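User: I'm new to this one and would like to walk through it step by step. Could you take my questions as they come?

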Amino acid sequence: MTGSRTRLVDELRAIVGRRQVITDIAAARAFTEGYRIGGGPVVAVVRPATLVELWRAAQACVAADCILILQAANTGLTGGSTPYGEYDRPVVVINTSRIDGIIPICEGRQVISLAGATLTKLEGVLAEFGRVPHSVIGSTCLGASVVGGICNNSGGALVNRGPAFTRHALYGRIDESGRLALVNNLGITLGDDPEQALALLDRGMLAPERIADDGEQASLAASYSNHVRALDEPTPARHNADSRQLFEASGCAGKIIVLAVRTKTFPAPRQVMTFLLASNSAADFAQLRRRVLGTFRHLPISAEYLHRDAAALAASHGNDICLAVKYLGARRMPALFAVKRWFDRAFAPIDAAPSERLLQAIGKMAPHPLPASIRPIVSAYQHLLLLTVADEGIEEARRQFMSAPVGSMVVHSCSPDEAAALQRLRFATAGATVRIAALAGKAGPLVAIDCALPRSRRDWQVVLSPKLADQVLMRADYGHFLCHVFHLDFVLKPGVDAKLFESDLLEQLDSEGIVCPAEHNFGHHYRAPENVVSFYRTLDPTNTLNPGIGQTSRSRNWL
């Protein structure tokens, strides 16, 4: 390293400790490479333990004229929390996963989550209050952070709450002159000195008189239930370019340094029931969606769609994930992923995907992930829906399904074990397609698309043009059905140009009024539209934080 970089590394080590500044290329890969895309060289990966350490490290990097990429759990699917390609300044990644404090306020009706707090930890904290967070485990990510969800407007599985959003955040912003300033919009009095303010949050010392009770500013949930029910609107229920979701930390995609967010919580349901609905008719599912959103008094908690092919792929190539979640729980998954990354680094000279081969072998030896009682339904029907309802909604759903069946649809009331197994299988789908592509053999590259359909669209299936369909070896469709948000994973045939396929696919989707991305944010995968680029430029006028996001300029001052 050059002298200036060596001095910066020494300064960072003095702030956070020698072991928490990673400069070794192999050791840094866990933080510099994305789950599906992304990766590039960095000066260092810095892992502060407190907000004060994070603030001091950020100040040192700004003073050294470095690009900063803030990262929490690194569970993003579009490369938005890792380097990508070449930059005009040195890059430092600051990983916030050690800063995982959670501070319940207003008797648990709201919560302050620090930069690296995870959804699984938040669920555990709120259980003591009989409440649940805005978001739960999403489509693909175990161990995802609360702040990451806010920064990416993640939608997740919940039907009646909308994307992760808040107007209350504490963050660092680099202004036009290149000065790092602390902005406090938490609705909590913390004082004017940045380090003293951050130290209060580090210690969790928030006297009630410091807190303004302003819960509706911390969620979109109050309006989203009506929004998603507007079945004749030609626009999607939610997507990442929706300007209503862009406010400071919300949707910022790392263009500010988010230190803490304040979010609303919700009463935990007293009783939960999952129905497995199955049909070979897409029209049955379109009719079901309009009935549930148009006539049900109580919206379901979630409505997770699985195509039969996706379910089969998850069972054959994601059984190890199902086993791990079942027996170890979601809370331990981040540690397991860390072991997996270590294993891949250790055996990289021998095999390009050693952990994938080992885990696939374990999954093959294990029993089928679904109970025998529901396997015939899952294998016999093309379209599957896991509809989860709560409290008064249970009897309403049961009455609706029994009194007026939808076409030829089969309705099965799941036991708790059946429901849990189906949800684990749904979660394992994304990893299954990643594994198929990683193991190569007869498979080509993976193209994964995250899209939002117009609320008014009844023909909800995405049918590829003959030219595109001919390039696909395997396909997995899954998503959040009532919100019309779908994840489409395509394992291509060997030799197919993945970039050209994706470009043609996005062009087709755009021509049909389908918006991408829906909830995974732009990262380095999607081109951000002008309203989003303008939002990024306002937040980060010098383009120092996460430059290039949304396929924008990587250069200083956006040149």
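User: Which residue forms a salt bridge with E195?

Analyst: This is a predicted model, so keep that in mind throughout. In E195's salt bridge, the closest N and O atoms are 2.8 Å apart. Side chains of opposite charge can pair when their charged atoms come close. The partner of E195 here is R56.

User: How many residues apart in sequence are the parts that this pair ties together?

Analyst: E195 sits in helix α6 (residues 194-203), while R56 belongs to helix α3 (residues 51-63). The pair therefore links parts of the chain with a sequence separation of 139 residues.

User: Is E195 buried, partly exposed or exposed?

Analyst: Buried would need under 20% relative accessible area, and exposed would need over 50%. E195 has 27% relative accessibility, so the label is partly exposed.

User: How many salt bridges does the whole structure hold?

Analyst: Besides E195 with R56, there is one between the side chains of D175 and R179, at 3.5 Å from N to O. A search of the whole structure brings the count to 22.

User: Where do E512 and R457 lie?

Analyst: These two form a salt bridge, with their closest N and O atoms 3.0 Å apart. The pair ties together parts that are 55 residues apart in sequence, because E512 is in the loop between α17 (498-511) and α18 (530-539) and R457 is in the loop between β15 (446-452) and α16 (466-469).

User: And R457, is that buried or exposed?

Analyst: E512, at 28% relative accessibility, counts as partly exposed. R457 has a relative accessible area of 17%, and under 20% means buried, so R457 is buried.

User: Which side chain makes a polar contact with the side chain of E304?

Analyst: E304 is in strand β12 (residues 302-307). With a relative accessible area of 4%, E304 falls under the 20% cut-off, so it's buried. Leaving out residues up to four places away in sequence, E304 touches several others, including A157, L384, Q423 and H480. The polar contact spans 2.9 Å, and the side chain on the other end is that of R426.

User: Where is Q20 found?

Analyst: Q20 has a relative accessible area of 17%, so it's buried. Among the residues Q20 touches, not counting those up to four places away in sequence, are V45 and R98. As for its place, Q20 is in the loop between α1 (3-16) and β1 (21-22).

User: Which residues make the nonpolar surface patch of about 290 Å²?

Analyst: One of the patch residues is L336, found in helix α11 (residues 333-346). At 33% relative accessibility, L336 counts as partly exposed. The patch is made by Y327, L328 and L336.

User: Zooming out, what is the radius of gyration of the protein?

Analyst: The protein has 18 helices and 17 strands. For 559 residues the globule rule gives 24 Å, and the protein's value is close to that, so it is as compact as a globular protein of that length. The radius of gyration is 23 Å.

User: What percentage of the residues is buried?

Analyst: Buried means under 20% relative accessible area. Out of the 559 residues in the protein, the buried share is 56%.

How values were computed
Residues are numbered from 1 along each chain as its sequence is written. This is a predicted model: local features need pLDDT of at least 70, side-chain atom pairs count only at pLDDT 80 or more; totals for chains, interfaces and linings use all residues. Side-chain values use heavy atoms; hydrogens and water are left out. Helices (H or I, at least four residues) and strands (E, at least two) are DSSP runs, numbered from the N terminus. Buried means under 20% relative accessible area, exposed over 50%, partly exposed in between (1.4 Å probe, protein chains only). Contact means heavy atoms within 4.5 Å. Patches are made of residues with over 30% relative accessible area and no salt bridge: like charges are joined within 9 Å, nonpolar side chains (Val, Leu, Ile, Met, Phe, Trp, Tyr) within 5 Å. Accessible areas come from the Shrake-Rupley method with a 1.4 Å probe; for residues, only the protein chains shown count as cover. A salt bridge is a side-chain nitrogen of Lys or Arg within 4 Å of a carboxyl oxygen of Asp or Glu. A polar contact is a pair of N or O atoms within 3.5 Å; within protein, one must be able to donate a hydrogen and the other to accept it, and residues adjacent in sequence count only if both atoms are side-chain atoms. The radius of gyration is taken over C-alpha atoms; the globule rule is 2.2 Å times the number of residues to the power 0.38.
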